[in-house]
Amino acid sequence: MGFMTIDGQRVEFTNEPNVLTVIRNAEIDIPTLCYHSELSIYGACRLCTVEDDRGKTFASCAEPPRDGMVIYTNTPRLMRYRRTILELLLAAHDRDCTTCVKSGECHLLELAHRMGVDRIRFKNREAKYPIDESSPAIVRNPNKCILCGDCVRMCDNVQSVNAIDFAYRGTSTLVTPAFNKTIAQTNCVNCGQCRVVCPTGAISIKTNIDEVWDALADPNTIVVAQVAPAVRVALGDKFGIPKGENVMGKLVNALHRLGFHEVYDTTYGADLTVIEEAEELLERISSGAKGPLFTSCCPAWVKFCETRYPELADNISTCRSPQQMFGAVIREYYRNPEINQGKKLVSVSIMPCTAKKEEILRPESMTNGRQDVDYVLTTTEVASMIRKSGIRFENIDGESTDMPFGIGSGGGVIFGVTGGVTEAVLRRLQTGHSRVEMDRIRTSGVRGDDGLKELTFDYMGKEIRAAVVNGLGNADKLIKRIQSGEVSYDFVEVMACRRGCIMGGGQPVGAGPRTRKARAKGLYDTDVNMQIKKSNENPMVLALYEGLLKGKTHQLLHRNLGSTEN
Amino acid sequence: MKPTMLDQSYYETANEIISRYPLEEKSLIPIIQDIQATYRYLPPDLLDYVAKKIGITETKAYSVASFYENFSFEQKGKYVLKICDGTACHVRKSTPVLQYLRQELGLSETKQTTDDLMFTVEVVSCLGACGLAPAMMVNEQVHPKMTPEKAAELLKELRAKEEEGRNDDQN
């Protein structure tokens, strides 16, 4: 608590962690490349350097605020420093900016423009590192890496995975897996959070855009899409639409225009998941099985658990994720010759997530050994396809999703935000569906931003204990507490990304606190406006159980554990 | 990338070394120093093994081990020849000594160890023996005021010593 003077302005501060935050709160956008409020402070880029009244310079990110400080943020000396720093970074950077995937949203390029870097006095280092395309989710191009360490700290501090880290020293320093392994050879869980914080094109999404264009152009295919809940509240970011606005209608229209024959809603798949998972939970509880039931919707979490805690693999729900349940149902539905018209089905899912690209390849999620979903496109990739097509997304009208899989429940929609799966399962277990009962669930502690939420609820006179955790680092801590016997639960929802799928690795980047909030609100508002709140009251889902799924629920909706065949 | 599977004895040795230190992050460097002292290099599989034992990731251990020039993931020769190329040694002609040794042993900047794992030739920045420039070390022994001729003599001695050792073994 105190006052400081920033560029002649008197500014009050309270409990800000560093001078940088005080400066930004005073509406001065001081440049940074290595500072993220949720990661540990690294102080490497030095762009946030400021000067005090005695001419001392220091990095404002690593300096605690003190009462009476007098700070200058834009002296000629500081501007010269910043320019030189950027010139040096650019000299060590592969500057094929015109063809770079990050073009248009590169933070390094933006700062170079802002700081007026119009020439570079240093010789460019020659590109020499191979590009790692081994992962189904991300591509790593070390030639564009500026060693800010954001990805390293994200992977380690927040996700506790630590697949990549700095190696070697001096000019040879590199962000890499140990022993120069490829990403695919590491314990990387494909969450894509490294790509979200990467300021340049050093880590990008492994794209499947070309394959999808080819399928759309092929007259012998039927191309269908399923769209995950979290996509609809983030895609608008790319087209100047207010943050968090639900653009599902426009997206359906745009996808039809791009040539998708049918567009379905993954919310439908989520409803299937709720029904199956609630069933499994009740069976588990009545059979007195040991340990909690972990959700299986998040493939990054599933891989994390399998590699880090193989002893808990049996506690992960046998349910497929919504994408995979729905993928299997779509594939089965199109086997009917009347429906496929003798054409080949290409099933595309549109996801906020890079790990979903790996999930479709997992043998235990295949049906009869065949991949159900052919391609996963992230929100970012769909935005670039729409742009390429020239469709004026912001101006087009909304359309509704196609039948018979176009109807979802509110419970399914909120899957995209942390706590959503649990809330949907609670709704399923609740017998009534009055507003009062829905409100009781809503305020049970299941909603909100926290990394760990705990709640208990009553089911037929029995108390069920649940935990909702997001961010793999938080999950890791929780598991340690569960294993030590300190806490115990019946049901644990885990989402690998902080705040859930709305902040997934395939979403448009640059989402700060306001955008995060708006995306969560976007999904909750969508739920409010849906007539059907409970997954088990979705009439189309119930019809499916009576029809296509009869005798096949296990084959189509659950993972084939213990065997890679069937 | 990784060499063939290590013999079980390597893990037993590693266990013995690990047992000298508390199982925590900061024991990494002393443990891998001891391993390197035993084997004259740090077998990559042992790095992963040590990391798991002390509760850190392999990536983090590699980050530390690759930072220090002193750790080597490749096997080194029985005799490690360190030629100093600090300022004093350089101006007093360390380069011809280095060139001679590399040529004689068929080594280069990228290939530092002979195939028979007998000799490793490394360039170091300063041995702290500038008064003896140009200086060179053979394992722990410092050799002052080197010339290519003296280096030739030294190699001859080392090879003779090896030959003798082999004959002793046979007899």
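Predicted model: local features only at pLDDT ≥ 70, side-chain atom pairs only at ≥ 80, totals over all residues.
User: What makes strand 10 and strand 13 of chain A a pair?

Analyst: Strand 10 (residues 221-227) and strand 13 (residues 344-351) of chain A are joined in the parallel sense over seven bridges, and pairing requires at least two bridges between the strands, so these two count as paired. Within this stretch, A:Q226 has A:S349 of strand 13 as its bridge partner.

User: Why are strand 11 and strand 14 of chain A called edge strands?

Analyst: The open sheet of four strands runs in the order 11-10-13-14 in chain A, with parallel pairing. Strand 11 (262-265) and strand 14 (375-378) of chain A each pair on one side only, and they are the edge strands. On average, neighbouring strands of this sheet are turned by 25° against each other, direction ignored.

User: Which strands does helix 8 of chain A touch as it packs on the sheet?

Analyst: Helix 8 (residues 266-287) of chain A touches strand 10, strand 11 and strand 13 of chain A, and its direction makes about 40° with that of strand 11.

User: How many helices and strands are there in chain B, and what pattern does the chain follow?

Analyst: Chain B has seven helices and four strands, and along the sequence its pattern reads α-α-α-α-β-α-α-β-β-β-α.

User: What makes a residue of chain B count as buried, and what percentage does so?

Analyst: A residue is buried if 20 or more other C-beta atoms lie within 10 Å of its own, and 26% of the 171 residues of chain B count as buried. The C-alpha atoms of chain B fill a box of roughly 50 × 45 × 30 Å along the principal axes.

Technical notes. Residues numbered from 1 in each chain as written. Chains lettered and ligands numbered in written order. Axes fitted to C-alpha atoms, helices over the stretch in contact; angles between N-to-C directions. Contact = placed C-beta atoms within 7 Å. Buried ≥ 20, exposed ≤ 12 C-beta atoms within 10 Å, placed from the backbone.
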